[in-house]
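Have a look at the fold, then read on.

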Amino acid sequence: MKIPYLALLLLPAGAVPGFAHPRTSPQLLPGLLDPIFELPLPSLKNVLSLDLLGDIISGINQYPEIAAAFPGLSEVLSAVRSNDITPEEHIRGLLRAIRQHESYLKGLSELDAASRDKVERFVAGESSGDILSKRDGSAEIAGFHIPPSPAAKHHFKHMESAGQDPPSRWWLNARQGTSPIIYEDAAGTKVMKVHVSAAFSNWGLTVSNTPSYTFVPTTVLGLSNLVKWAKKSGKRVRGGGYRHTWADLYSQDGEVLVSMLDLATVTTVPDPTVLLPSQTFPGNELKVIEILDKDIGKAGKKWVRIGAAVTNEELRRWAVGRREWTLPLNILMVEITFGGSTTPMCHGGGIRHPTLSDLIRSVEYIDANGMPRTLTDPTLLKTAAGSLGLLGIVTHVTLEMDKMTYAIMKPKKVPTMLAIPPPVEYIEQGKVPVPLRKPGVTSAQLEEARRRWEQCALNDYYSEWFWFPYQKEMFVQCWNNTDDPTGASAYPTPPDVFLQWIQGWLGGVMNDSILFRALPGLWQAVIMGSLAHHMQPPQLPGVNEEIRTTLPDAIHFRRGTQNMRVRDLELEIPLLASSAAPTRPDLKLVQKACSNEDGTGNEDDGRESDSSGAAEGNKLGTASIEVLTTMAAVADGTWHGYVQRVADLWMGLRDRQGRKLNIRPHWSKEWDGMIVEGRPWRDHLKYVSYKEQIPEFKKQLASIGAQQGWTLADVEARFSCPLLDFLFFK
């Protein structure tokens, strides 16, 4: 079996999210030729009962060298196996087991002093609640503010260091004459920060290049001046934020990268009492959140103007602090900018919701001539809002928000076979993978489970399913909202946020440990999967069985996920019409996708209207399904073959008449370089998936240019990149 983490999300006619896969790789330490730990295969009895922890515990006790390398691990896993451990004790036990590993010591040294102190006290035995109630100097610590992920800090520190080495002539100060002088103010007194030849890599480590210049703007005028300079210099300009896109939609060697963030920005924690993040970043016009004083003629709706550099975490704090207006949907992760989430048409979960881009009512951008432009035409916003960066450098978007509502979360952990029940024929034909099976399930139980699952998928405000490797249960996150704020409180609580953050940090450290990677891949999958599943609510009977909180806190119920790098494939599967009711989606296709021999996961998503969106044309909705894995599976070569196999299975789904479906990848996820039906996936996108949409997208883009003074040739020359060249211009 090869299944790390699996997630399923059902979206309205047009959107989708996902799921993940744990590593089951050869027992080789990356970079070495000889196996480190030679261990027997798990017993058939334990595989069938999913008591793989029993095999791991026996293996640790049998081999003293493993016990010595991971002190206390056997005891922690034994407590997990018997359900006699809290999530806090679980995390602490794993941290103690690896605290002498080089990756742990290195990770600890890279934390800021305050975070390092919290980790050390936690490992020593102090509870998360006590840690957060301590006084730091004379000021009491109010809650826990998640620091930027190690990956983000590493990137931005590396970016900052470019220019500090005199022999390389990498100088940050534009006045040194080694880089262009771009002014950010009309008086010509404020020079835009620029990094010369700063090496770039994205968060998932799938893209690397070296732009000639990386600029960090703070004003619209500065961006305008930059694009004018780029036009004169024959340079291309692409934007970036936290770099969470896996596909190569970034800048390229020798061109220009615009980074909406820098080290100072990502390490500045907004005061949670501050309602406008812009007050934390004085002078940064790209960090504003402002409610527009405009009657839009819709009750319970408001337009809010948001800077492209504003992060999800900043908007969450703003919305929760005011309790007035909120986005009705968003992605889970908080470490992402609005420029990064709207341009590639990201989505939330819930079949009634469109994508973030569909909520945009105005786009402000710098065009190919360096002119600030604003677009509000509803017919053209379909293209502008999801332009993949071809429109220009977006500075602000105005989104339509809803009046604040409150989620009534009732998270559940359901036997996997009953969370998303497999099709009956899959069970009869033995196609259901062993880790997804539950012996003794009756046909009546399966039918009731199917009815309950469809009810959640087709009717709940939010719906998402997660399966972590080799767990007996699936984490089901389906809920509805209410206007009534009674009983609503912050979620997660500050101690819970700390635990989520440190769990993510632990995952990253374990991923990087050569000793942990030396364990059998199956062991790694079970250990990591058990921790991830245990951390989801309800963690214990009676704990977090019902949670009432603001809508933004419910949407961002997991913090710190960005601390552990992963690889991620996500596909958007169109929902088909029921044979009994043509206007009702038939979810059997989703059952198949989630029950095939390699495993799956999914969400329900809603209608998407962006002309080049992955769910465009899906009239009844989209099942967004994804599979993720750790970087260890990439290092030993397991991931590439596995993810291609999963893609083949999902892309091979057919309708009732055996016809192919127009299944598309999420633009931001990992798909380029893979094969579909014998040809590169980028070919399949261009000539099959978007055969009709690409010409229409270009037509609409040209219409915008005709109104605002530029051409398709201008945007190709100024804002494209090699991948988009192939898809749209070659």
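Which residue in E9 does Thr214 stand opposite? Thr214 faces Leu257 there.

## Ground rules

We're looking at a predicted model, where local features need pLDDT of at least 70 and side-chain atom pairs count only at pLDDT 80 or more, while totals for chains, interfaces and linings use all residues. Residues are numbered from 1 along each chain as its sequence is written, and side-chain values use heavy atoms, with hydrogens and water left out.

Strands here are DSSP runs of E with at least two residues, helices are runs of H or I with at least four, and both are numbered from the N terminus. Two strands pair if DSSP finds at least two bridges between them.

Zooming out, E7 and E9 sit in an open sheet of four strands, ordered E4-E7-E9-E8, with mixed pairing. Strand E4 (193-196) and strand E8 (237-240) are at the edges with a single partner strand each, so one side of each has no neighbour in the sheet. On average, neighbouring strands of this sheet are turned by 25° against each other, direction ignored. Helix H10 (residues 220-233) lies across E7, E8 and E9, and runs at about 170° to E9. Axes are lines fitted to C-alpha atoms (for helices, over the stretch in contact), and angles run from 0 to 180 degrees between N-to-C directions.

Ser197, in the loop between E4 and strand E5 (200-201), has a positive phi of about 55° although it isn't a glycine.

## Strand E19 and its partners

E19 (residues 473-482) pairs with strand E16 (residues 406-409) in the antiparallel sense over four bridges, and Ile408 stands opposite Asn480 in E19. Strand E17 (residues 412-415) is also antiparallel to E19, again with four bridges; here Val414 has Met474 as its bridge partner.

Then there's strand E18 (residues 462-467), antiparallel to E19 and joined to it by five bridges. Trp465 stands opposite Val476 in that pairing. The hairpin of E18 and E19 has five residues between the strands, and Tyr470 takes a positive phi near 60° in it.

Asp402 is in strand E15 (residues 393-403). Its side chain makes a polar contact with the side chain of Lys301 at 2.7 Å. (A polar contact is a pair of N or O atoms within 3.5 Å; within protein, one must be able to donate a hydrogen and the other to accept it, and residues adjacent in sequence count only if both atoms are side-chain atoms.) Leaving out residues up to four places away in sequence, Asp402 touches Gly300, Lys301, Glu324, Trp325, Thr326 and Pro328, with contact meaning heavy atoms within 4.5 Å.

Trp325 turns up again with Lys403, whose charged end sits over the Trp325 ring, 4.7 Å from its centre. The criterion is NZ of Lys or CZ of Arg within 6 Å of the ring centre and within 35 degrees of the ring normal. Lys686 does this over the ring of Phe726, with its charged end 4.7 Å from the centre.

## Helices H2 and H20

What angle do the axes of helix H2 and helix H20 make where they cross? The axes of H2 (residues 52-62) and H20 (residues 521-535) cross at roughly 120° and come within 10 Å. On the H2 side, the contact residues are Leu52, Leu53, Asp55, Ile56, Gly59 and Ile60, which meet Leu522, Trp523, Val526, Ile527 and Ser530 in H20.

## Two cis prolines

Tyr491 and Pro492 are joined by a cis peptide bond with omega of about -5°, and Pro492 is in the loop between E19 and helix H18 (494-512). The peptide bond from Pro537 to Pro538 is cis too, with omega near -10°. Pro538 is found in the loop between H20 and strand E20 (547-550).
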